[in-house]
Amino acid sequence: MRLEIESIDIKSVREGGRTGVKDGVLTVNFTELETLLTEDSRIASVKIDLVHPGERTRVVNLMDVVQPRCKIGQLEADFPGFVGKLQIAGKGRTLSLRGVTVLATNPGTTRKYSALLDMYGPGGQMSRYSKFSHVCVNSYSAEDIDEREFENAAKIAGLKAAAYIARSAEGHQIDETEVFDLDITNLDGKSDLPKVAYYYQLYSPQHDHQGISDDCFYGTDVRPLMPTIIHPNEVLDGGVVGAHTVRSIDTYTIQNHGVIRELYRRHGKDLIFSGVVCGVAKMEPITRTRKNIMAANLVKNVLGADGVVLTKIHGGMPHVDLAGVAEECEKLGVKTAVYIQPLISDGRLPEMLLFSAEALDLIITVGATLERSILPAPDRIVGGDKKTKVYCPDPIMQYAGDTTIDVEQFLIAGIHDHTGGAKVVVKEY
Amino acid sequence: MNNTKLKVVHYLNQFFGQIGGEDKANTGFVVKEGPLGPGTALQKELGEHVEIVATLICGDNYFSKDPDQAGEEGAKLIESFAPDLFFAGPAFEAGRYGVACGAICKAVNERLGIPVVTGMYQENPGVEMYRKYAYICRSGQSTRDMVPSLKKMSKLALQLVLGEPSKNLLSGENLPKPEMFDYFKRLIIRNEFCDQSAAKRSIDKLLAKITGKPFESEVVPPVFDNVEPPAPIADLSKLQLALVSDGALVPKGNPAGLAGRGNLKWTTNELDSFLPDDPGTKEYEIAHTGYFPVNVLENPFRLIPVDVIRQLVKEKKIGKLHNTFFSTSGNATVSRRCTEMGNEMGEEIKRLGIDAVLLTST
């Protein structure tokens, strides 16, 4: 399966009469984009805001961050199952804009946790997104639409906007083309290089708002999913999207998946990338055991891997769940590298482990995502207003316009990356 | 830098403070102006922009009678000097002196909010007791290591008061690297920016592991205690039972302020008033943010089986349900604090004459 991602570097974004890219400048016709997005009857109205690097702007009620991308020469193939028609993602040509994202917000949310993005101050210094320009899509619900149903619409609005913007750049000069070509059926069996697979914990239901799934895989609920093999290009090319209002993985992060890109980069050099098994964290012990043994079996006996990197979804339960898969892999003789996320900033690193398994002796700290940051007030708020509640685990109420807010980093988009892409490590002091 | 010198106060015990040996260990606090004993060498290390304005001295026995109170007393005595920085010791291997250095540092830091630096040998009990509250440089066992210890303490202190914050820390704090400044880690976990993504690090290390080469895990797995379950209780009809839960069921408004995640506190509530037979008044809430509280909010007896136990008491199968309900929020709390809370609760449970507890979780 061969995927070519053709990237255009965007220098700045502005509003204008015709949506398109000229000399690296993206122009967006707001009315046209709003009209496109309100075709979805679940959305009453959409407000577009542009956010630029260097501004003292805070974006709140953030649901997702999306890199503008579209398929070239394939019909209705963008984000299949969400925007495009159902088909397998990950082959052919994809046009991608760099230095710009689409931010999807839900200003009317009742969620306790929504992400935020500061373009300034300490929040901005930590987030890779503060260097980018953003087209912010704020969606407002039509009457009598269930909240979760509307959230799906608002998330899809972000994906649609991303495809619309990328498509407007067709014909512009390409700055870089990257090829992702992995022929898993004909991997070089004679190679002496170690075969490394990737176990992708795709989802965890414990974050489900109102207990309802947040679809992230070809448009569907993955909670009942059995471990399954997918091609890594499906992940990079829109088959998987963000869920659960960022929490260290948004669509942009998945489109630029850390471990998958790194395995690709090294494929044929110091390892053979033998494929991806994805699975979902399970809440119940028997289901979990079934998933653990099936996933390990696919890694060992179907992909034939010597080693596997395992990444997780945010939180404690996925941490326990991931260790279960890793233990089963080790039992079958597959060496593991397990990602963890310390859940507290007080103590020693070994105390952060939620499992006790001797075989799991290679543990990677993907970021202490619950580390707290104090953020100063913005001049401008997008996606809400100064009375928008901002979550804090302490029993205090705080709002987006307060002089300072106390925020855990997993709620600040663009700092941590559970797919391993961020250059962050956790240390004891 | 302007011409105002940074002011330092230095703490010593009766021996290093030149009052006397063990026979003077009961001496109370004394304040002397300027540096004294090891302070003279420390002053040299600190250089001309920093001045030891006073030395605080106390006998080891006097201090160790009640370290918390002695710390308070000492901290009050030096307040008027308005120091920018505080040193204690180094205490080397001396246990009472180490505890005193740790306690005085803790009290001064809490009262005056200034950096506090001391030095100890790794086995000094003061290290474990006070590493969270003070920068404790690693020192040798005895005074032979005085000058190298003072050098370390001085270098670290100057970094704390005059140094630039680390560019690597996401928090932007001025938190010196323990390895670089040779102090005992303070049980703080921090994110650092680094040169390599987690993806690259994990694959490098995994390849080493596959090929049998040495690799370094970013976390060394702990060895957990194995807790043997106690023997079953033969006769419940005579005993007093209490309920304990980490599901964070608390009175409305969460008066004890349990955190939803990373909580470090526990609280007690009286079942009679908090959860009467029909808790329909809904005067409770769930502070925990790690599970769907819907079912427990509908009926709190799903978390703690008060109704069933009350029935069993009526049927005389259980002696008595103790009125105290122990509640904490068990969501991503560090295991060390869980152990501490367990011990604290255990003491209270013993004090109340409770014979058995039923622990329910989520």
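How far apart do the C-alpha centres of domain 1 of chain A and domain 2 of chain A lie? They lie 26 Å apart, in a model that is predicted, where local features need pLDDT of at least 70, side-chain atom pairs count only at pLDDT 80 or more, and totals for chains, interfaces and linings use all residues. Residues are numbered from 1 along each chain as its sequence is written, while chains are lettered from A and ligands numbered from 1 in the order in which they are written.

**The domains of chain A**

In the domain assignment, domain 1 of chain A is given as 2-177 + 373-398 and domain 2 as 184-365; such bounds come from an automatic or database domain assignment. Where the domains touch, 27 residues of domain 1 of chain A are in contact with 22 residues of domain 2 of chain A, and two residues are in contact if their C-beta atoms, placed from the backbone, lie within 7 Å. On the side of domain 1 of chain A that touches domain 2 of chain A, the elements giving two or more residues are β6 (57-66) and α3 (147-167) of chain A, with helices (H or I, at least four residues) and strands (E, at least two) being DSSP runs numbered from the N terminus. The largest share of that side, five residues, comes from β6(A).

**Chain A as a whole**

The secondary structure of chain A comes to eight helices and 22 strands. Because its radius of gyration, 21 Å, is close to the 22 Å that the globule rule gives for 429 residues, chain A is as compact as a globular protein of that length; the radius is taken over C-alpha atoms, and the rule is 2.2 Å times the number of residues to the power 0.38. Of the 429 residues in chain A, 56% are buried, a residue being buried if 20 or more other C-beta atoms, placed from the backbone, lie within 10 Å of its own.

**A strand of chain B**

In chain B, six of the eight residues of strand β1 (residues 6-13) are buried, so this strand is largely enclosed by the rest of the structure. The table gives its pairings, where two strands pair if DSSP finds at least two bridges between them.

| Partner of β1(B) | Sense | Bridges |
|---|---|---|
| β3(B), residues 50-58 | parallel | eight bridges |
| β4(B), residues 85-92 | parallel | four bridges |

Within these pairings, the bridge partner of Val8(B) in β3(B) is Ile52(B), whereas Val9(B) has Phe86(B) as its bridge partner in β4(B).

Note on methods:
Buried ≥ 20, exposed ≤ 12 C-beta atoms within 10 Å, placed from the backbone.
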